Amino acid sequence: MTCKIFAEVVVDNTSSSTDKLFTYSIPSKYEKDAKIGRKVLVPFGRGNKLVEGMIINLINHTDVDFDRLKPIKTVLHDSIFLSENLIKLSLWIKDMYMAQYSEVIKTMMPSGTTNKVIELISLTCKEEDIYHKVKSKNGIKILEYLFKYGESDLQKIKEATGITNINPSINLLLKNSLIQIDKRISAEVNKKYEKFIYKKFSGKDRDNILGNIAPNATKQKEIIKYIQDKEVVSLKELMIDTNCSLSSVKSLEEKGYLKIEEIEVRREAITKEIHLYKKLDLTKDQQKCVDAIYNDYVENGFNKFLIHGVTGSGKTEIYLQLIEKILDMGKEAIVLVPEISLTPQTVERFAGRFKNKVAVLHSGLSYGERYDEWRKIKAGEVQIAVGARSAIFAPFDNLGLIIIDEEHETSYKSSINPKYNAIEVGEKRCEIENATLILGSATPSIESYYKAKEGEYKLLELPNRVNNKSLPKIEVIDMKTELDNGNKSMFSNELYNAIRDNLNNKKQTILFLNRRGFSTFVSCRKCGFVVKCKECDIALTYHGAQNILKCHYCGYTFKPPTVCPSCQSKYIKYFGIGTQKVEDEVKKLFPQGRIVRMDMDTTSTKGSHERIFEKMKKGSIDILIGTQMISKGLDFPNVTLVGIIAADTTLNIPDFKASERTFQLLTQVGGRAGRGEYEGRVILQTYEPDHYSILTAQYHDYISFYEKEISIRKAFDYPPFTNIVSIIVSGENEKDVFESSKQIANKIKEDIIKETNDLDLVNKIIGPMEAPIYRIKGRFRRQIIIKIKESRLSLIIKVLDRVNKESRTKNYFENIRISTDINPVSII
Ligand SMILES: Nc1ncnc2c1ncn2[C@@H]1O[C@H](COP(=O)(O)OP(=O)(O)OP(=O)(O)O)[C@@H](O)[C@H]1O
Ligand SMILES: [Zn+2]
Ligand SMILES: [Zn+2]
């Protein structure tokens, strides 16, 4: 056996120039503890400041000069550490998404757990010494501050005393042994402790003790009586119940009758009461799915499945029963759900079935709650993690199953560094850990369905709702005809009547407003014509300030028409209404209804989702108005009507995925209707009733939609036939952004030519041009887009990585940021 004696460490430092592995020697006392994935403290930089790092690799040979090699200072005995498998995964993510080591590691860990070394300065002399032994004014100031406020860090002392050049004074005080400096390690988030009181006497001693307590110490007597039949009680509870002070408890402790102890208490992420969610008898289709996946797992381990099951086909029950089987094998499972909106209902089902075996991880939790959930997983106290995107990193050591529900959802792609896609990461993680990946959706993404068709995923189909409940009937209303008939309101006659009838019948209604994307497109309200780019088949975006129409894929611009190019009508205008406006309108039309709006504005406070969700479940909402947030996952049996106000808004966002998004949304929203014993009805309002997204959604026909869409993707060379790389160059100075984006594009082209001489590839580089959102938070943004085949992707990553590094180190322009995204969910 060779002895590995060096550690390669990622240090906690976001500066890109230090984003590499640093080699440290391992002192012999740490040989056993210094494992891959462990946190360490290491001296770093010129001042040898102690910083936190993580061991990424152990090696037995290094080219680093021995006299430059520093030893690891400490291996932290922290409960936060990563498995070797997760470290392996982190390296893959770093390369794949052009991220920094420290960014990836941070993403995998609970926030706020990075340890910092702080130096605390404290007094070692008496007050009278201050004026005897010190002559300098600054020295006295520092000591006075420490005398008054106790120990403190340098920064605070500096701020409080106003001494700018403080180091000489501190050093002098140190030399004269008037102060000392202690190093302490601490993180923002820590275990939560509470004080508990233990009884230290037995029943028979009680009267004796009461006799010994001074007659006027009535509180102390009360405490003794309070605790006499208990063994332990929390201090807080005791103080509330007996209304006593801490000093009464302390004096009893001094007498030896009680003991105060600090014990860790867990923060609870699931706060509401969870009711048992009974196991259901599977339908034949469900059983087939469970058997296929389970048998394959037992036989082969790693594999990838796509369950395409219509809305209400009972996918959740499949997940639950598979998890049960996997748990029986001693394995663990991760379940990803798209957003917080889904979590209440999903958590109810998972925790309702598996009780305290479930941890939840999502952004609605506090740092402390997430830290505790994370540790529960790491310690093996739970076997199932349910959560949003980042739960893909749940630190299980014995993973058997990853389930990604509603796999078509865009929230699985991160838009901040590392810009990972949880599905791709899930695939990799399952491969590394020999687990099974299950993707599930009623409307799989085109990419996933394509992979299933190509045999990369095993495809399982559930074509029917549970117990053959019918899918809701979708009625398409052509809003152009409404206009012709003189109805200028946002509701067609059919939808108005249906809402009224539903109210009268005491059934619930969901009104959905499709409002993804920021942009306005131009369309004709008379004939439905939408102004599109001839090269890209993408709706042009209207830019009010310059009064132009623009394609955000190729940069093509032109003047907006004043009459419709197709039918010459003057009703050509920009689109866009808000949920607020819909709510006002509904309230006016149906003043007797109980109406609630659910969107970003009304759900910004903690628990607001749950509250609306509970109200809906109880039936105390008649009409729920919402955006994307209400489109998926919800299962309310009393919803019999779903109204879609304007289906076209996503259809015409300037994105090649617009049709796909529209189809998915319409199908998902429609799927909320008629899930109980009553039949459901969907009314879909549109200006383009003949668009294939709408036609296929109307007949719940995923396959036809897929076939049409994949042929377009192929013809116009979009994913999955190519990859799209988007590079955004941004900065506060418009001219610098302009110049640097040009330089960067040239650099990329030069580099490609150097590597391959492939002029074709160079021609596929679009831009730089103004990004669709040209200015965000005062920063101007220009964009470069590259379409690239899978086989060339690694080349581009290499080139971009180099250009990126170079532009940083050479500092062409100050404060210019380059942000690269591979296959972003949207290029806007
Ligand atoms: N085997 C079964 N027997 C009876 N009821 C079932 C069965 N399986 C599922 N259900 C019920 O059918 C309804 C729909 O199931 P579920 O919500 O899992 O569907 P889904 O496929 O996830 O739908 P969506 O894609 O729309 O979210 C639920 O109310 C569920 O309790
Ligand atoms: Zn027209
Ligand atoms: Zn174009």
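The largest nonpolar core of the predicted structure comprises 183 residues. Within this core, the residues with the most contacts are V9, I334, V335, L336 and I384. Helix α12, which spans residues 315–328, gives the most to the core, contributing six residues. In soluble globular proteins, nonpolar side chains tend to be buried together. The surroundings of I334 were examined with its neighbours within four places in sequence left aside. On this basis, I334 is in contact with A385, A391, I392, A394, L399 and I402.

The crossing of α11 and α12 is right-handed. On the side of α11, the contact is made by Q286, C289, V290, I293 and Y294. The residues of α12 that take part are E317, I318, Q321, L322 and K325.

Three strands form an open sheet in the order β11-β10-β12, and their pairing is antiparallel. Strands β11 (232–234) and β12 (258–265) stand at the edges; each has a single partner strand, so one side of each is left without a neighbour in the sheet. Neighbouring strands of this sheet are turned by 35° against each other on average, with direction ignored. Strand β10, formed by residues 192–199, is joined to β11 by three bridges, and these two strands run antiparallel. Helix α10 (residues 246–254) lies across β10 and β12 and runs at about 115° to β12.

A further group of residues is identified from the database record. An unreviewed UniProt entry places the feature "binding site" at C533, C536, C551 and C554. Of these positions, C533 lies in the loop between β22 (522–524) and β23 (541–543). C533 counts as buried because it has 21 C-beta neighbours inside 10 Å, and the cut-off for a buried residue is 20 or more. C554 is found in another part of the annotated set, in the loop between β24 (548–550) and β25 (557–558). With 16 other C-beta atoms within 10 Å, C554 is partly exposed.

Technical notes. Residues are numbered from 1 along each chain as its sequence is written. Chains are lettered from A and ligands numbered from 1 in the order in which they are written. This is a predicted model: local features need pLDDT of at least 70, side-chain atom pairs count only at pLDDT 80 or more; totals for chains, interfaces and linings use all residues. A nonpolar core is a set of buried Ala, Val, Leu, Ile, Met, Phe, Trp, Tyr and Cys residues joined through C-beta atoms within 7 Å. A residue is buried if 20 or more other C-beta atoms lie within 10 Å of its own, exposed if 12 or fewer, and partly exposed in between; C-beta atoms are placed from the backbone. Helices (H or I, at least four residues) and strands (E, at least two) are DSSP runs, numbered from the N terminus. Two residues are in contact if their C-beta atoms, placed from the backbone, lie within 7 Å. Two strands pair if DSSP finds at least two bridges between them. Axes are lines fitted to C-alpha atoms, for helices over the stretch in contact, and angles run from 0 to 180 degrees between N-to-C directions. UniProt positions are given in the numbering used here, feature names are shortened, and annotations may be inferred rather than shown by experiment. A crossing is left-handed if the near helix is turned anticlockwise from the far one by less than a right angle, and right-handed if clockwise.
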